[in-house]
Amino acid sequence: MVAVAILAAGRGTRMKSHLPKVLHSLGGRSLVERVLQSLSKINPTRQLVIVGYNSELVKNSLAHYPGLEFVEQTEQLGTGHAVQQVIPYLQDFEGDLLVLNGDVPLLRPETLELLLKTHQKEQNAATILTAHLPDAKGYGRVFCNGNNIVTQIVEDRDCSPAQKQNRRINAGVYCFQWSRLAQVLPQLTSSNDQKEYYLTDAVNYLKPVMAVDVEDYEEILGINDRKQLAAAYDILQTRVKEDWMRAGVTLIDPDSITIDDTVQLEPDVVIEPQTHLRGKTSIQTGSRIGPGSLIENSSIGESVTILYSVVSDSVVQANTRIGPYAHLRGHAQVGNNCRIGNFVELKNSTLGDRTGVAHLSYLGDATLGEKVNVGAGTITANYDGVRKHRTIIGDRTKTGSNSVLVAPITIGSDVTIAAGSTVTEDVGDDALVIARSRQVVKPGWRLKSASDAENKA
Ligand code: UD1
Ligand code: CA
């Protein structure tokens with residue numbers, strides 16, 4: 001049996017932030033959420049999150065995770081003190097306790113699996129994850145005898161100059177036989193530079209403690225300041241982009257592209273420079289996105305092109321062309337083979353197949369049928385100052401340039417709306433609507449000249 005304890009009570013002073021450190025976002029997910037994600041291969045029977053600084057905020061942010069138990073550490077007296085708080089919660093627990101720092105967000109699930117397997121196979125009192133870092137500054141140094149048996153962990157600030165030369169570091173990820181850890185936790189003291197109770201001192205009381213090296217040291221980066229947060233983002237981005245390229249996605253100038261790890265892509269998608277894919281976005285094969293586009297929480301069908309545009313919370317079906325400079329938002333749904341062109345905004349609107357909105361339009365709260373042609377500058381006036389209203393337009397209808405459709409309004413199928421019309425009343429099928437003042441021409445009329453006016457006087 002395995003229980004997990006995640007240490008998430010610290011403020012994270014070095015972040016210089018009011019937000020608890022573990023709630024800082026890394027590619028759309030908080031640090032602590034990423035730690036939870038790294039447990040996907042463990043299947044723990046209990047999951048305890050130790051909270052303290054701004055604990056309500058941390059608890060609320062994790063409210064949608066089932067089965068978490070929150071343990072309060074009212075004063076943050078160190079990582080050892082944090083784990084002491086779980087003693088009353090695990091009175092009758094028999095098995096192993098996996099302890100994870102809440103600020104180590106890039107661990108691979110396979111790494112934790114390996115740590116736990118080694119711990120159980122070797123029947124260690126404790127097994128800790130270590131890495132050899134090019135620059136070990138800030139990390140606890142791990143000292144071993146020849147067989148990866150840990151003799152001591154010394155925090156960076158407590159190290160002698162000679163000890164600082166050791167670049168094998170403590171990742172902040174540990175497996176303990178719980179019954180044995182529970183016995184030694186009360187013995188920890190705070191006789192160190194920070195006057196804190198260090199969990200790492202527990203290794204002085206346990207035998208044997210084994211170190212397991214992580215293969216890719218980038219996994220164990222701990223986030224203590226904004227620079228490390230940015231470095232972690234870089235590592236995450238490199239991982240995600242390399243995975244997609246291996247899976248058959250073309251990235252043109254990958255350094256200028258960002259892709260959240262929640263995004264789904266298909267082979268033969270092409271992502272052009274300066275494009276950002278975020279949240280729950282999926283893009284089907286043959287589509288070409290960018291340059292210069294932002295796609296957020298949207299599904300994009302096959303062979304769609306999107307050029308210099310922003311698409312949020314929307315659905316775009318196959319073979320549709322979007323942009324340049326279009327903005328789809330608020331659950332816009334665009335059918336197959338549509339054309340959404342320059343300077344067009346769609347909000348909460350549904351467009352049938354083969355409908356075109358090629359230039360300079362705002363369609364808000366509108367439902368359009370198939371093969372509708374929306375003329376340049378057509379606007380749905382959907383807001384009366386208090387409420388939003390819908391506009392409905394039937395199949396094959398054409399709106400003239402600069403038409404205003406004042407909602408709520410229903411326009412039938414096969415309707416033609418004359419350019420410059422302001423349409424305020426419903427129109428049935430198969431009709432021409434002209435809703436503008438008639439042009440007046442007065443032959444021979446001229447503006448009176450100044451000399452005419454003087455002669456009269
Ligand atoms: C810790 C380790 C260090 C290791 C490094 C890896 C100790 C003493 N040191 O150092 O050996 O190399 O992580 O990243 O453990 N926390 C609490 N309550 C507290 C204090 C901290 O919950 O009273 C939480 C923090 O919110 C954080 C985690 O524990 O998520 C680690 O604390 P932090 O202060 O960042 O430890 P480091 O100095 O990085
Ligand atoms: Ca840390």
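**Figure 1. Composition of the shell around ligand 1.** The structure shown here and in the following views is a predicted model. In total, 24 residues form the surroundings of ligand 1. The closest of these residues are Gln73, Gly78, Thr79, Glu155 and Asn170.

**Figure 2. Elements of secondary structure that contribute to the shell around ligand 1.** Three elements each provide at least two residues of this shell: strand E1 (2–8), helix H3 (79–84) and strand E10 (168–177). Strand E10 gives the largest share, with 3 residues. The space that ligand 1 takes up is the largest pocket.

**Figure 3. Polar atoms of the protein beside the oxygen atoms of ligand 1.** At leucine 7, a polar backbone atom is 2.8 Å from an oxygen atom of ligand 1. At glycine 78, a backbone N or O atom lies 2.8 Å from an oxygen atom of the ligand. A further view concerns a side chain: a polar side-chain atom of lysine 21 is found 3.2 Å from an oxygen atom of ligand 1. Of the 760 Å² of accessible area that ligand 1 has on its own, the protein covers 92%.

**Figure 4. An open sheet of 11 strands with parallel pairing.** The strands follow the order E12-E15-E18-E21-E24-E27-E30-E33-E36-E39-E41. Strand E12 (250–251) and strand E41 (431–433) are the edge strands, and each of them pairs on one side only.

Figure 5. Strand E24 (residues 321–322) pairs with strand E27 (residues 339–342) in the parallel sense, and 2 bridges link them. Isoleucine 322 has isoleucine 340 of E27 as its bridge partner. Strand E27 also pairs in the parallel sense with strand E30 (residues 356–359), over 3 bridges. Here the bridge partner of arginine 339 is glycine 356, which belongs to E30. Strand E30 in turn pairs in the parallel sense with strand E33 (residues 373–374), over 2 bridges. Between these two strands, valine 357 stands opposite valine 374 of E33.

**Figure 6. Parallel pairing of strands E25, E28 and E31.** Strand E25 (residues 326–329) and strand E28 (residues 344–347) are paired in the parallel sense over 4 bridges. Alanine 326 finds its bridge partner in valine 344 of E28. Strand E28 is also joined to strand E31 (residues 362–364) by 3 bridges, and these two strands run parallel. Lysine 347 has glycine 364, a residue of E31, as its bridge partner.

**Figure 7. An open sheet of 9 strands with parallel pairing.** This sheet has the strand order E14-E17-E20-E23-E26-E29-E32-E35-E38. Strand E14 (264–265) and strand E38 (409–411) stand at the edges with a single partner strand each, so one side of each has no neighbour in the sheet. A close-up shows one pair from this order. Strand E23 (residues 315–316) and strand E26 (residues 333–334) pair in the parallel sense over 2 bridges. In this pair, valine 315 has glutamine 333 of E26 as its bridge partner.

Key: Residues are numbered from 1 along each chain as its sequence is written. Chains are lettered from A and ligands numbered from 1 in the order in which they are written. This is a predicted model: local features need pLDDT of at least 70, side-chain atom pairs count only at pLDDT 80 or more; totals for chains, interfaces and linings use all residues. Side-chain values use heavy atoms; hydrogens and water are left out. Two strands pair if DSSP finds at least two bridges between them. A residue is near a molecule or strand if one of its heavy atoms lies within 4 Å of it. A polar contact is a pair of N or O atoms within 3.5 Å; within protein, one must be able to donate a hydrogen and the other to accept it, and residues adjacent in sequence count only if both atoms are side-chain atoms. Accessible areas come from the Shrake-Rupley method with a 1.4 Å probe; for residues, only the protein chains shown count as cover. On a 1 Å grid over the protein atoms alone, a cavity is a set of points where a 1.4 Å probe fits but cannot get out, and a pocket is an open set with protein on both sides within 12 Å along at least five of seven lines; lining residues have an atom within 4 Å of a point. A molecule sits in a cavity or pocket if more than half of its atoms lie within 2 Å of its grid points.
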